[in-house]
Structures are given as structure tokens and as C-alpha cells.
Amino acid sequence: MNNKIIILEKEEESVELIKNYMSEIEELNIDAIFTNYEEGVKYASESLPHIVIYSSTNDNVYDTKIIKKLSDLSINVIVLSLNYTTNLVIQALRAGAKDFVSKPIIKKDFMCSIKKCCKDVVKAINKSNIISIFSNKGGIGKTAIATNLAVEFARQTREKVVLVDLNLPLGDVTTFINIKPSVTISSAIETATHKGAEAVLNACKQYKDTSLYVLAEPIYLEESHTMTPTHIFKLFEYLRESFSYILVDVGTNIDKMNMKILELSDLILLVSIVNLPLIRNCQRCLDLFNNLGFDENKTKIVINRYLENDEIKIEDVEKVLNQSIYWKIPNNYFTIMSSINKAMPVCEINENSNVTLSFSGLANKITEDIIIKDFIGS
Ligand SMILES: Nc1ncnc2c1ncn2[C@@H]1O[C@H](COP(=O)(O)OP(=O)(O)O)[C@@H](O)[C@H]1O
Ligand SMILES: [Mg+2]
């Protein structure tokens, strides 16, 4: 595969945006930009780039002809359009376009389209991501974050997401979203030893009619004692076969089991609140992860219950931790409590509340970072 991209676009603003997004992907280069489509098509037909980004002219017949011509040359065509209708999308795709992105261009949509065209360069493509939510103290908001983030991932990506409650021995995910699983993690793993991955998949219970599934905590305390780090390894292996995002609500203990979970994770969200003893704890966790040899980019700090006018400033926290804060979730006791009491995610309580928007923004940031990481292959 060559790494050339040609852009056919008359709007300067849109070109600037694309250039900006593309600067994050080292593997691909913008070879040429044309405002004159005739020249652009001629150049593309000769230089055969990997991708042509084609901004629709609003002349359907012309667009279809060009898309077909370029696609027939095995060029991946991404169509951009402001006034798009289902008909137009269908026509473009029928003519051979690889993907369709609406304007104004949203970074994530654009990057996903590029990713679709580059399956062979993106090493980690289709790789599932294990995202662990961890804090070595209880009551910080781990479960609230894990459940709401899982709901957001499913909503935004429509890919299969599983929320795994490994907060052993006493998980509580099922109290945050109303779900009544018939099988719990430990019995699923038990059955899987004889029957394989299917047993684990059957134990994942679908949340409403979404692409989110939940693997619940053990009902009985004793059940959790039978779980070992080897079980965890197997469990993740099975889940990776079917889910794009695996979110784990991890327990607070620093023990073999939890360290195994964190070691196997692609991303750790280390949750804290702005309070000196907790920040120090956070620092200790970072040191520990460092000693365990975790990649330093793997752990991201998430501040929960953030207050704009807190005595301790975020910059101070960043100084102590020597790391920038990845995300802040505002303090909103009312919405969170009403979500817990009704056993519903916050987006179902109030889609415009600051916490709902924050969870949505966090999910969006993580998916964007994952897409970019996939490209860079780090
Ligand atoms: N963003 C927030 N704003 C206000 N209160 C919160 C927030 N997140 C969590 N809480 C409160 O903290 C409590 C503990 O949250 P939870 O998710 O159960 O913590 P953990 O899983 O870390 O023990 C919740 O019952 C809720 O009252
Ligand atoms: Mg919890």
C-alpha cells in the first residue's frame, strides 16, 4: 500500500481541518490538494494514491461518475458532503465510495473513515480494548464512571461493549444499571473451563436493546474466592473474541488479582478526587505501576467530583503527580444519586446534565485516542 492521499476540495476551511487531522497520522501523507476537480481526477488517475478525499459538488451525476472512476482504479474514496441525503449516501457507496463523512467534519468520524481505508497498515485494527477503572480507595466513583462510560461507548460507537464487574468480592454494577443476570462471572468461568468461550458470552447480559452487555459480580461472597489471575487471563481472552470495548470495574485492593487485571488492560483510568491524601495515594499507585513496568501512557488520571472553585487547583494536582489530568468529571450529587436510586445511567436521568456531557466527552476522547494510537501503533 502506498501512503498517499489526494484531496479534492474547494473549501479552504475544510482543507485546513483535514490537514490538521492528518498531521496526527504519520503513516499517511497528503500528496496534493486540488480545487480544480478535472485536474485532481487526472492527477489521481496517474499517481494512484491510496485515498482520495472527495468533497461532493452537489451535482449527483458528476459525483457518481468521478467516484466510480476512482474506485475502479482501486483508490479508496471518502466522500464529504454538507447536504447529504440517504439517497446521496447510497449512490456514493454504490459507485464504490469507501465511506461517507458529513460536514462539518467531526474528527472521530473522519478518523474512522481513514481507518476503514487502512486496515492493512493499522496493526491493531479490530483489536479490542480493555479499559480498567481503578482506585485504591472505595467511594470515589469507580462504579459510577465504569457504568456510565460503558453506556456511552455503546451509544457512540455502536460496537459491542461489555462491562465486567471484577470489584471482588462485592461488586455493585447491577445496582447502578438495572440488570438481572442469571449467571455471574465465577460460574461463567467455571463453565468455560469445560465448554469454552461460549459459556462466558452466554453469561453476558444485554442492557436493554443496546450493544452493551454486562458480566455481573458474583452473587455469593464465597464464589469470588475461587477466582485466580489465570481465570482472569482466560476471561479476557474469551471476551476479546467478541467485544470491541471491555470495561472493567476493578476492586480497590492492591493484590495479585487486581494487578493482573491492570497488567492486561490497554488503558487504566486511575480515579481520584481532589483531596490531598487521595492525591498522594494516586501518586503511590503511579509509582507502583511504574515499578511493575506498565507503559507510562497506559495510565490516565481522571478526577471525579470536580469543583471549579476548589481550594486545591488542578495545576497543583498535576504538579504533585507529575502528570496531566486526562479528564475531570464535575461534582453533581443530585444527578448521580437519582441515577443510582433509579438504577439508570445518568443519560437516562438527564441527557443535558453536566455529568452526562462529561461521560460522553470522556468516551469520545478515549475512542479518539485509541484510533490515533492504532495508527501510530504504539
Ligand atoms: N460525579 C459525582 N458527583 C457527585 N457524587 C458522586 C459522583 N460520583 C460518585 N458520586 C458519589 O459517590 C458515591 C460512590 O460512588 P461509587 O461509584 O459507588 O464509588 P466506588 O465504586 O469507587 O466505590 C456515590 O454513591 C455517589 O453518591
Ligand atoms: Mg464500586
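## Report on a predicted structure

Leu286 is found in helix 13. The model in which this residue is described is a predicted one. At 12% relative accessibility, Leu286 counts as buried, because the limit for a buried residue is under 20% relative accessible area. Leaving aside neighbours within four places in sequence, Leu286 is in contact with Leu270, Thr299, Ile301, Leu321 and Gln323. Lys300 lies 14 residues away from Leu286 in sequence, and the C-alpha atoms of the two residues are 9.7 Å apart in space.

### Helix 12 and its surroundings

Helix 12 comprises residues 256-264, and its buried residues are Met257, Asn258, Met259, Ile261, Leu262 and Leu264. Which elements do the buried residues of helix 12 pack against? The partners include three helices and strands that follow one another in the numbering, namely helix 11 (229-242), strand 10 (245-250) and strand 11 (267-272) among them.

Asn258 has its place in helix 12 and is buried, with a relative accessibility of 5%. Beyond the residues up to four places away in sequence, Asn258 touches Leu166, Val250, Gly251, Thr252 and Asn253. Another asparagine, Asn167, is found in the loop between strand 7 and helix 7 (173-176). Asn167 is also buried, at a relative accessible area of 14%. With residues up to four places away again left out, the contacts of Asn167 are Lys142, Thr143, Asp172, Asp249, Val250, Gly251 and Thr252.

### The packing of helices 2 and 3

Helix 2 (residues 37-47) packs with helix 3 (residues 60-72) at an angle of about 15°, and the axes are 10 Å apart. Helix 2 is therefore roughly parallel to helix 3, because angles under 35 degrees count as roughly parallel. The crossing of helix 2 past helix 3 is left-handed. Helix 2 contributes Tyr37, Glu38, Val41, Ala44 and Ser45 to the contact, while helix 3 contributes Tyr62, Ile66, Lys69 and Leu70. Sorted by class, this contact has 6 nonpolar, 1 polar and 2 charged residues.

### Cysteines

How many disulfides does a search of the whole structure find? The search finds 0 disulfides. A disulfide is a covalent bond between the sulfur atoms of two cysteines. For Cys285, the closest cysteine sulfur is in Cys282, at 6.2 Å, which is too far for a bond, because a disulfide requires the two sulfur atoms to be within 2.5 Å. Cys285 is buried, with a relative accessible area of 1%, and Cys117 is buried as well, at 4%.

### Backbone features in loops

| Residue | Backbone value | Loop |
|---|---|---|
| Pro104 | omega near -5° for the peptide bond from Lys103 | between strand 5 (99-102) and helix 5 (107-117) |
| Ser74 | phi of about 65° | between helix 3 and strand 4 (76-81) |

The peptide bond from Lys103 to Pro104 is cis. Is Ser74 buried or exposed? At 64% relative accessibility, Ser74 counts as exposed, because the limit for an exposed residue is over 50%.

Methods: Residues are numbered from 1 along each chain as its sequence is written. Chains are lettered from A and ligands numbered from 1 in the order in which they are written. This is a predicted model: local features need pLDDT of at least 70, side-chain atom pairs count only at pLDDT 80 or more; totals for chains, interfaces and linings use all residues. Side-chain values use heavy atoms; hydrogens and water are left out. Buried means under 20% relative accessible area, exposed over 50%, partly exposed in between (1.4 Å probe, protein chains only). Axes are lines fitted to C-alpha atoms, for helices over the stretch in contact, and angles run from 0 to 180 degrees between N-to-C directions. Helices (H or I, at least four residues) and strands (E, at least two) are DSSP runs, numbered from the N terminus. Angles under 35 degrees count as roughly parallel, over 145 as roughly antiparallel, 65 to 115 as roughly perpendicular and the rest as oblique. A crossing is left-handed if the near helix is turned anticlockwise from the far one by less than a right angle, and right-handed if clockwise. Contact means heavy atoms within 4.5 Å. Ala, Val, Leu, Ile, Met, Phe, Trp, Tyr, Cys and Pro count as nonpolar, Asp, Glu, Lys and Arg as charged, and the others, Gly among them, as polar.
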